[in-house]
Amino acid sequence: MSRAALSPRLGLGAALLLYLLFLLLPLAALIARLDPAAFFQHLRTPAAYDALRLSLLTSLLATGCVVAIGLPVAYALATRDFAGKRILEVLIDLPIVLPPTVAGTALLLAFGRAGLVGAWLSPLGIALPFTTAAVVVAQVFVSAPFFVNAARAGFEEVEPRYLQAAATLRSSPLHTFTAVLLPLSLPSIFAGVAMSAARALGEFGATIVFAGNLQGRTQTMPLAVYVALQGDLQEAVALSVLLLAVSFLLLAALRLTTERRR
Amino acid sequence: MTAMLSATVRKRLGELELEAELELEAGTTLVIVGESGAGKSTLLNLLAGLAEPDSGRIEIGGRVYFDSTAGVDMPAHERNIGYVFQDYALFPHLSAKANIGFGLRAQGVAGHEVERRVAETLARLDIGALAEQRSRQLSGGQQQRVALARALILQPGLLLLDEPLSALDLQTRRTVRAELAALVAELPGVTIFVTHSPFEAMAFGARIAVVERGRIVQLGDRDDLLRHPRSRYVAELMGLNFFHGVVSSTAADGIAEVKTDYGVLHVVDVRLGEEVFIAVDPRAITLHLERPRATAQNVFAGVIAEMVPEPPYGERVRVILDSEPPLVAEITEYAAQTMSLHAGMPVYASFKAFAGRAYR
């Protein structure tokens, strides 16, 4: 092989290697610090246990809400044209790039005691901030776009021919949605669920601003890691490794479902 | 007897301006033939409710599906119509059986009743062996049967078949066409079969509508189309040479002159002043290397564009001429050889006055 062809190859290889090192080093450092013998013991401390339970609960609830709201929204975006669609698309994507602390502040100003909506809710005895519900609201806010975008892409990939065929077979739009569109875009829906669940699980900034950091009520795993870091390093490491494993598994499962589709 | 289907629709789609009027009685089949882009599929979509006419009225089996003046536009899923798509569009995530039962399930028919009727339909179309297969595992012919079963199980008043044979290879096409024709002949409703192939149209249908650039240019039975084409397009589909003009003079010997867009023709059996169509069989046209003398009454100069051997053995050859108008002559292979005809060669074509078949 000529030198001219060899050098771009070398360059690409070097860049890949460097990037891989950059990704792996922190992860390796984290795992190297783990004391396997004490791993489960650290997860069994009351704070860690509460955080685990709370994270599981809130991210499940958040993902459920995201799917419930996101499916019709994704369907509308995929199948309809309406005024202000472009603006809506930008708004939907906004939480992806918005700093989470800004999201938290905005949520606080909307649903806080003196907030835009909160001021109306508090006389009814409903106070959202610093509750478990607030954690879910924050997670929904930041994770919804991942699901909406994936589901929409899935719907758009389905051949319109199948939907037309269903219509000529006396299938109402709702029946066509559940019996044709949904099954045919299932891989994308799964991908969206996995992405938004992972994002909800990792949510930190919006949660700590809007919901606070109360053990057992609003202290999810990422918050617990942050707190533990200031006290027991081993506990922080144990929680981190657990989060890392869950994130990795979610992404791997996602890969598997999309690969099988091809 | 009142019409089962009566429709008048108008729809503008880009360059195409579709305008069609149909009246069909129960139990009849209409073949719509035309080139791709002529508006055939659009017409089916308008009838099925997959596209909305700009104006018009569609009534099927006594129910108004669309009426632009009354503001009626029944959604596709409420219309009593069956549609077999060109690519069949079987649901890929369902078995053949589930595809066939889809329409009944969509209407909330009970599970055991769906099972029973699917089994009945499978037996009727003789496709029981395919019940559990996914569409991807089925051959083209099998997919077509499943798509047909899926539509027929709902007993549609109007069955639309959009090029149902085009996805099949030649050998299956022949058997499937015969089976399809037999099946469709038994249906109580109206069937509309769309194809781009004149051969298929002749083979499938007794009644044929020819569509050209969004218009039905001729509607009639097979023989009428074959013998009396009323446009160059239909004539070409039927493989005939075609002229259109007005009789400008008649003579005592019975030979009349007809003024056409391509000069004066000599024909027989016409009356002065009438507008006539003239069809000329390609076998009635003679080719010459030099301009022939007066015995043949109609002479055209042209260049050979193409020479196509006629099946089955090619002992006859179709010679397509680049002339005004474009002409087709069918001569023997022997004649072509003795004259050493080849593409690009200038020749003269002629036919006698009585060879042109004139009709109104």
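**Ground rules.** I note that this is a predicted model, where local features need pLDDT of at least 70, side-chain atom pairs count only at pLDDT 80 or more, and totals for chains, interfaces and linings use all residues. Residues are numbered from 1 along each chain as its sequence is written, while chains are lettered from A and ligands numbered from 1 in the order in which they are written.

**Chain B, overall.** I counted elements and got nine helices and 21 strands in chain B. I boxed the C-alpha atoms of chain B along the principal axes and read roughly 80 × 50 × 35 Å. Chain B has 360 residues, and 39% of them count as buried. I call a residue buried if 20 or more other C-beta atoms lie within 10 Å of its own, exposed if 12 or fewer, and partly exposed in between, with C-beta atoms placed from the backbone. I also looked at contacts in chain B between residues at least 6 apart in sequence, and 62% of these join residues at least 24 apart. A contact here is two residues whose C-beta atoms, placed from the backbone, lie within 7 Å.

I started with β1 (residues 5-13) and β2 (residues 16-24) of chain B, which pair in the antiparallel sense over nine bridges. Pairing takes at least two bridges found by DSSP. B:Ser6 stands opposite B:Glu23 in β2(B). The two strands form a hairpin with two residues between them, and B:Gly14 in the turn has a positive phi of about 60°.

**The five-stranded sheet.** In what order do the strands of the open sheet of five run? I read β14-β13-β12-β15-β21 in chain B, with antiparallel pairing. The edges are β14 (263-268) and β21 (356-359), each pairing on one side only. Neighbouring strands are turned by 45° against each other on average, direction ignored. Such angles run from 0 to 180 degrees between N-to-C directions, with axes as lines fitted to C-alpha atoms, for helices over the stretch in contact.

I then walked through the pairs:

- β12 (residues 241-250) and β13 (residues 255-260) of chain B are antiparallel over five bridges, and B:Val246 has B:Lys259 as its bridge partner. They form a hairpin with four residues between them, where B:Gly254 in the turn has a positive phi of about 90°.
- β13(B) and β14(B) run antiparallel and are joined by six bridges, with B:Val258 opposite B:Leu265. This is a hairpin with two residues between the strands.
- β15 (residues 275-280) of chain B pairs with β21(B) in the antiparallel sense over four bridges, and B:Phe277 is partnered with B:Tyr359.

**A helix pair in chain A.** I checked α8 (residues 160-168) and α9 (residues 173-184) of chain A: their axes come within 10 Å and cross at roughly 160°. That makes α8(A) roughly antiparallel to α9(A). On this scale, angles under 35 degrees are roughly parallel, over 145 roughly antiparallel, 65 to 115 roughly perpendicular and the rest oblique. The contact involves A:Tyr162, A:Leu163, A:Ala166 and A:Ala167 of α8(A), and A:Thr176, A:Val180, A:Leu181 and A:Leu184 of α9(A).

A:Phe130 is not a glycine, yet has a positive phi of about 65°. I found A:Phe130 in the loop between α6 (118-121) and α7 (132-157) of chain A. B:Ala89 also has a positive phi, near 50°, and sits in the loop between β7 and α2 of chain B.

Is B:Ala89 buried or exposed? B:Ala89 counts as buried, because 23 C-beta neighbours lie inside 10 Å. A:Phe130 is partly exposed, with 17 other C-beta atoms within 10 Å.

Cis bonds came next. The bond from B:Pro311 to B:Pro312 is cis, with omega near 5°, and B:Pro312 lies in the loop between β17 (298-309) and β18 (316-323) of chain B. The bond from B:Glu324 to B:Pro325 is cis too, with omega near -5°.

**Where the chains touch.** I logged 18 residues from chain B and 14 residues from chain A in the contact. On chain B, β7 (81-84) and α2 (96-106) each supply at least two residues of the side that touches chain A.
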